[in-house]
Amino acid sequence: MENIEPLKALKSKNAGSVYIHIPFCKRKCSYCAFTSFAALNLADDYIKKLTTEIKHFYKGTPLNTLYIGGGTPSLLDIKHFKKIFSLFNFDKNAEITVEINPDSTDLKLLSSLYNLGVNRLSIGIQSFDDDILNNIGRLHTAKKAKDAVFLAQDTGFQNISIDLIYGLPKQNMKLWENDLTEAKSLGIQHISLYGLKIEEGTVFYKNQTAGKLRCLPDDDTQADMYEFAVKFLAPEFELYEISNFTCVPPALIKNNAAADDKMFQSRHNLNYWNEGEYYGFGISASGFLNNIRYQNTKNFKEYMENPLKAKETAVLTKQEKLEETIFLGFRKREGINTESINEKFEIDFDKKYAPVLQKFLDSKHIEKTKNGYRLTISGILVSNIILSEFLC
């Protein structure tokens, strides 16, 4: 990838999606590798710098999606949300998502967000087991997690997603089944499931290095947890991306019809997977504009000194773009569309990748679809290995 000077290129009149990173949290969770820290006293100053960045790059295109993540955005004062929202134009059907944590959620916040136009919540629950929650550094209980969902529903939110993690220390299949049972009982519209990854810089990484991280499910158990979840959540929830499930309308289940209602799929994330343009604002945020991928600095001091220049940028080559199309396409349950790829990159996909395709078709890790190919469930479990063979 070729490095470029960022300020001349990172503007677009076509980008209709925005991600904003809020780095503040009460306490760093043991598994978390995201840019976050306990410094809420700096929120006012941060929002000022964030405003400077947005005003410089955003060109007024009505947004189809806005996603505010973190960190813990629900720690912000409502005045901060009002300021952020005032900087954008929105399509009348825009999806506006805010991540919240159960321990920083109350009726006042939810009502204020709802009245501002937020129409989708992503709630970081991770588990419904109090011992596990305590062990991984979460500040809420299972009851508080469920109460946050119920409070959001009472406020009027009709598009609620929750996050759960599998493969956590001391987590077994029975506890995982309990988590999924609780999730299905909540009347929510979306579930995201993430396998635990021990990443450098986290508390878990330090503990593992020191030999202090015990009772961790092995890779086979984590794979079993994923396969179990896919089967257990159906038919009420349909897998539409490697880590994401959307609820299926009861009428479709009753009639055994195809789950083609995409109302509650994350439109913001689908824009990523469909290679759409998007802005990334705030410390460590990533964006994609004019075939350029960029990421803001993860250094808070650097960002606060100049939020306009603290960016790493790179132009994708044609080969890198093809590989990215394949990688992102295989993340979706519908898989890749070979006709679209052939037209876009002027190749014969089946011929170019014939040996790789045949290998994984034979092993049943990939299967043919009407429009191309997709990973099977067993293929998803080893997707990194499979996708690496599509790289030149």
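Predicted model: local features only at pLDDT ≥ 70, side-chain atom pairs only at ≥ 80, totals over all residues.
A residue counts as buried under 20% relative accessible area, as exposed over 50%, and as partly exposed in between. D44 has a relative accessible area of 37%, so D44 is partly exposed.

D44 sits in helix α1. Its partner is K79, and the two side chains meet in a salt bridge, 3.6 Å from N to O. K79 lies in helix α2, so the pair ties together parts that are 35 residues apart in sequence. K79 is partly exposed because its relative accessible area is 45%.

Now the helices themselves. Helix α1 covers residues 43-57 and helix α2 residues 78-86. They pack at an angle of about 5 degrees, with their axes 10 Å apart. Angles under 35 degrees count as roughly parallel, so α1 is roughly parallel to α2. On the α1 side, the contact uses A43, D44, I47, L50, T51 and K55. On the α2 side, K79, H80, K83 and I84 take part. The residues of this contact divide into 4 nonpolar, 2 polar and 4 charged.

Salt bridges come to 16 in the count. One of them joins K26 and D103, with the closest N and O atoms 3.4 Å apart. K26 lies in the loop between β1 and α1, and D103 in the loop between β3 and α3, so this pair links parts 77 residues apart in sequence. K26 is partly exposed, at 45% relative accessibility.

Another salt bridge pairs K332 with E334, at 3.7 Å between the closest N and O atoms. K332 is buried, at 11% relative accessibility. E334 is exposed, at 52%. Elsewhere, salt bridges that share partners join E275, R293, K321, E324 and K344 into one network.

Note on methods:
Residues numbered from 1 in each chain as written. Heavy atoms only, no water. Axes fitted to C-alpha atoms, helices over the stretch in contact; angles between N-to-C directions. Helix = DSSP H or I, 4+ residues; strand = E, 2+ residues; numbered from the N terminus. Parallel < 35°, antiparallel > 145°, perpendicular 65-115°, else oblique. Contact = heavy atoms within 4.5 Å. Nonpolar A, V, L, I, M, F, W, Y, C, P; charged D, E, K, R; others polar. Salt bridge = Lys/Arg side-chain N within 4 Å of Asp/Glu carboxyl O. Buried < 20%, exposed > 50% of the residue type's maximum accessible area, 1.4 Å probe, protein only.
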